[in-house]
Each structure stands twice: as structure tokens, then as C-alpha cells.
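Me: I'd like to learn how to read the features of a protein model from its coordinates. Could you walk me through one, step by step?

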Amino acid sequence: MVARLQQCLVLGGLLGAIVWASFWWSRSPLLAGLSLVALTCSHTTILAIEFGGSYRINGRDPLSRARVPQCIRAWLAESWLAPRVFCWYQPFRSRAVPDHLSANGRRGVVLVHGFLCNRGFWTSWLRELRADD
């Protein structure tokens with residue numbers, strides 16, 4: 001069910017972007033292109049604000065906080081991986097790796113995803129676990 005919802009959101013977003021760009025392209029190709037770039041970068045911008053806020057807020061935490069380069073690396077990784085997980089793996093690849101229990105009697109692994117996620121969240125880990133049997 002979550003995959004269906006995410007498919008609708010992703011495909012609806014793509015359709016909206018195509019309609020938007022098509023409408024503005026004949027009037028102003030520059031505006032059409034810039035608006036598509038802004039739309040593409042909006043997630044990364046929101047993440048940057050969130051990372052900046054968490055860096056500031058966590059300064060009062062008794063544990064040492066991450067250094068700025070570590071925060072930047074984490075932000076870049078999240079900016080790269082989140083669209084892949086939430087716009088590809090979860091909506092369209094949630095059943096890419098079937099369940100598997102080893103035939104040699106070893107214990108299995110249970111992966112628990114968060115709210116509004118599905119097994120597509122674990123696709124890369126499921127492949128690695130499957131390869132390791």
C-alpha cells in the first residue's frame with residue numbers, strides 16, 4: 001500500500017514537472033529550466049536547513065557533536081540516497097529481493113523499517129545479506 005502511494009506521488013510529481021516545463025518552455029525556456037532545477041534541488045535545500053538546525057541545537061548536548069565536515073558529508077550522502085530510496089526502491093523495487101532463509105539451518109535476519117516505509121528501504125542490505133546467505 002505504501003508502495004502504491006509512493007508510486008502515485010513520484011509519477012504525479014514527474015507529470016506535474018513535465019506539464020509545468022511544457023507550459024513555460026514556449027514563454028521562457030530560462031524560467032522553465034530554472035524552475036526544474038529549483039524543484040530538483042528543493043529536497044537538498046530543506047535537508048541543508050535541517051542539518052544546520054540540528055548542528056546548532058545539538059551544540060548543547062553533553063556528547064561531542066559532529067564536526068562541520070562530517071555534517072557536510074552526511075548531508076551530501078543523504079541528498080544522494082534519499083531520492084533513490086523514496087523515489088525508486090520503495091515505490092518500484094520493494095519486491096526486487098525475495099525473502100530467503102538459508103537451507104543450512106542458520107538463523108535469519110529480521111529488518112524493521114520505519115513508519116511509511118516498506119521493504120524497499122532495505123533493498124541494498126537484502127542483496128548483501130542474500131549474497132552472504
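Reply: Here is a walk through this model, from the whole chain down to single residues.

Reply: First, the ground rules: this is a predicted model, in which local features need pLDDT of at least 70 and side-chain atom pairs count only at pLDDT 80 or more, while totals for chains, interfaces and linings use all residues. Residues are numbered from 1 along each chain as its sequence is written, and side-chain values use heavy atoms, with hydrogens and water left out.

Me: Which secondary-structure elements does the protein chain have, and how many?

Reply: Helices (H or I, at least four residues) and strands (E, at least two) are DSSP runs, numbered from the N terminus. In the protein chain there are four helices and zero strands, and the order from the N terminus is α-α-α-α.

Me: What is the radius of gyration of the protein chain, and what would a compact globule have?

Reply: The radius is taken over C-alpha atoms, and the globule rule is 2.2 Å times the number of residues to the power 0.38. For 133 residues a compact globule would come out near 14 Å, but the protein chain has 20 Å. Its C-alpha trace spans about 65 × 40 × 25 Å along the principal axes.

Me: How much of the protein chain counts as buried?

Reply: Buried means under 20% relative accessible area, exposed means over 50%, and partly exposed is in between (1.4 Å probe, protein chains only). Here 19% of the 133 residues count as buried. The protein chain exposes about 10,400 Å², with carbon and sulfur atoms supplying 67% of it.

Me: Which residues form a nonpolar patch on the surface?

Reply: Patches are made of residues with over 30% relative accessible area and no salt bridge; like charges are joined within 9 Å, and nonpolar side chains (Val, Leu, Ile, Met, Phe, Trp, Tyr) within 5 Å. In this model Leu 11, Leu 14, Trp 88 and Phe 92 make up such a patch, with about 390 Å² of accessible area together. Helices α1 (2-25) and α3 (68-92) each supply at least two of its residues; Leu 14, for instance, is found in α1.

Me: What is Gln 7 in contact with, beyond its neighbours in sequence?

Reply: Contact means heavy atoms within 4.5 Å. Leaving aside neighbours within four places in sequence, Gln 7 is in contact with Pro 91 and Phe 92. Gln 7 is found in helix α1 and is buried, at 18% relative accessible area. Across the protein chain, 65% of the contacts between residues at least 6 apart in sequence join residues at least 24 apart.

Me: Where is the salt bridge, and how far apart are its closest N and O atoms?

Reply: A salt bridge is a side-chain nitrogen of Lys or Arg within 4 Å of a carboxyl oxygen of Asp or Glu. A search of the whole structure finds one. Asp 99 pairs with Arg 119, the closest N and O atoms being 2.7 Å apart. Both partners sit in the loop between α3 and α4, 20 residues apart. Asp 99 is exposed, with a relative accessible area of 65%, whereas Arg 119 counts as partly exposed at 24%.

Me: How many disulfides does a search of the whole structure find?

Reply: A disulfide is a pair of cysteine sulfur atoms within 2.5 Å. The search finds zero. For Cys 8, the nearest cysteine sulfur is that of Cys 87, 13 Å away. Cys 8 is exposed, with a relative accessible area of 56%, while Cys 71 counts as buried at 16%.

Conventions. Accessible areas come from the Shrake-Rupley method with a 1.4 Å probe; for residues, only the protein chains shown count as cover.
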